[in-house]
Amino acid sequence: MQDHIVVLTGAGISAESGLSTFRDNGGLWEQHSVYDVATPEAFARNQELVLRFYNDRRRQLASAQPNRAHQLLAELEQRYRVTVVTQNVDDLHERGGASNVIHLHGELTKARSSKYPELVYDIGYRDINAGDTCDRGAQLRPHIVWFGEEVPMLDKAAEVVRTADHLLIVGTSLQVYPAAGLVYEVDRDVPITVIDPGEPASVSRARFIRKGAVEGVAEWVAHYL
């Protein structure tokens with residue numbers, strides 16, 4: 001039976017493809033406070049600002065390319081069972097070749113009904129505008145888990161992590177909960193590797209590779225294989 005490698009990724013892997021992150025610039029994203037663009041209250045208060053912000057992010061994503069770290073993680077599927085659990089809302093893992101990706105915080109290339117959350121639509125890199133509605137007439141919103149909202153894929157991700165033979169953590173500070181709590185779902189004898197150039201939260205018994213995503217994943221893959 002193939003080993004099951006579970007990879008938990010965060011903003012650091014996308015940053016090396018040129019996508020902005022919140023935490024690297026003082027809690028601002030393209031000069032917007034998280035509270036202005038990433039909460040249900042912000043959407044209720046200024047719908048056009050929030051839609052414009054995510055339309056801009058979608059355009060930025062359309063011009064970004066998966067980097068070598070995305071590709072190397074996808075290439076692991078040739079020899080192992082691999083599940084990527086990502087905190088990122090971009091589609092770079094999929095475009096890099098990954099076939100099994102769980103998006104904890106939603107997907108930028110999808111829209112959903114602001115009133116009927118089960119109505120989700122693939123929109124690619126198109127804009128969502130005021131007046132764009134779901135099949136039942138409610139305004140569309142980005143398919144993003146905003147601050148203060150439940151993380152619907154969390155239970156599924158926890159189940160997956162419990163089946164890991166190796167947990168690889170790439171480009172995340174492990175400070176954003178509840179996603180950071182997934183590291184505690186692995187069995188005690190499962191090896192954990194953390195790849196991040198900064199100082200992520202301490203993880204007992206983890207091996208640390210203090211490098212960026214591309215360099216660190218390349219080193220880990222060479223060692224693991």
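## Close-up views of a predicted model

**View 1. F43 and W146 in the predicted model.** Both F43 and W146 are buried. Their rings make a tilted aromatic pair, with 5.5 Å from centre to centre and 40 degrees between the planes. F43 belongs to helix α3 (residues 40-45), while W146 is in the loop between β8 (140-144) and α7 (154-161), so the pair ties together parts that are 103 residues apart in sequence. The model is predicted.

**View 2. The aromatic pair of F53 and Y54.** How are the rings of F53 and Y54 arranged? They are edge-to-face, with centres 5.0 Å apart and 85 degrees between the planes. F53 has a relative accessibility of 3%, and Y54 has a relative accessible area of 2%. Buried means under 20% relative accessible area, so F53 counts as buried at its 3%, and Y54 is buried at its 2%.

**View 3. The aromatic cluster.** Which residues form one aromatic cluster? They are F43, F53, Y54 and W146. The structure holds three aromatic pairs, among them the tilted pair of F43 and W146 and the edge-to-face pair of F53 and Y54.

**View 4. Arginines over aromatic rings.** The charged end of R57 is placed over the ring of F53, at 4.7 Å from the ring's centre. R136 lies over the face of Y116, and here the distance to the ring centre is 3.7 Å.

View 5. The unreviewed UniProt entry lists H105 under "active site". H105 is located in the loop between β5 (101-103) and β6 (106-113). Is H105 buried or exposed? H105 has a relative accessible area of 16%; the limit for buried is under 20%, so H105 is buried. Apart from neighbours within four places in sequence, H105 is in contact with T86, Q87, V89, H143, I144, V145 and A179.

**View 6. The buried face of helix α7.** Which residues of α7 are buried? They are L154, A157, A158, V160 and V161. Looking down the axis of α7, these buried residues fall within an arc of 160 degrees, so they line one face of the helix. Among the elements that cover the buried residues of α7 are the strands β1 (4-9), β4 (81-86) and β5.

Key:
Residues numbered from 1 in each chain as written. Predicted model: local features only at pLDDT ≥ 70, side-chain atom pairs only at ≥ 80, totals over all residues. Heavy atoms only, no water. UniProt positions renumbered as here; feature names shortened; annotations may be inferred. Helix = DSSP H or I, 4+ residues; strand = E, 2+ residues; numbered from the N terminus. Buried < 20%, exposed > 50% of the residue type's maximum accessible area, 1.4 Å probe, protein only. Contact = heavy atoms within 4.5 Å. Phe/Tyr/Trp six-rings, centres within 6.5 Å; stacked < 30°, edge-to-face > 60°. Lys NZ or Arg CZ within 6 Å of the ring centre and 35° of its normal. Arc of directions from axis to C-beta.
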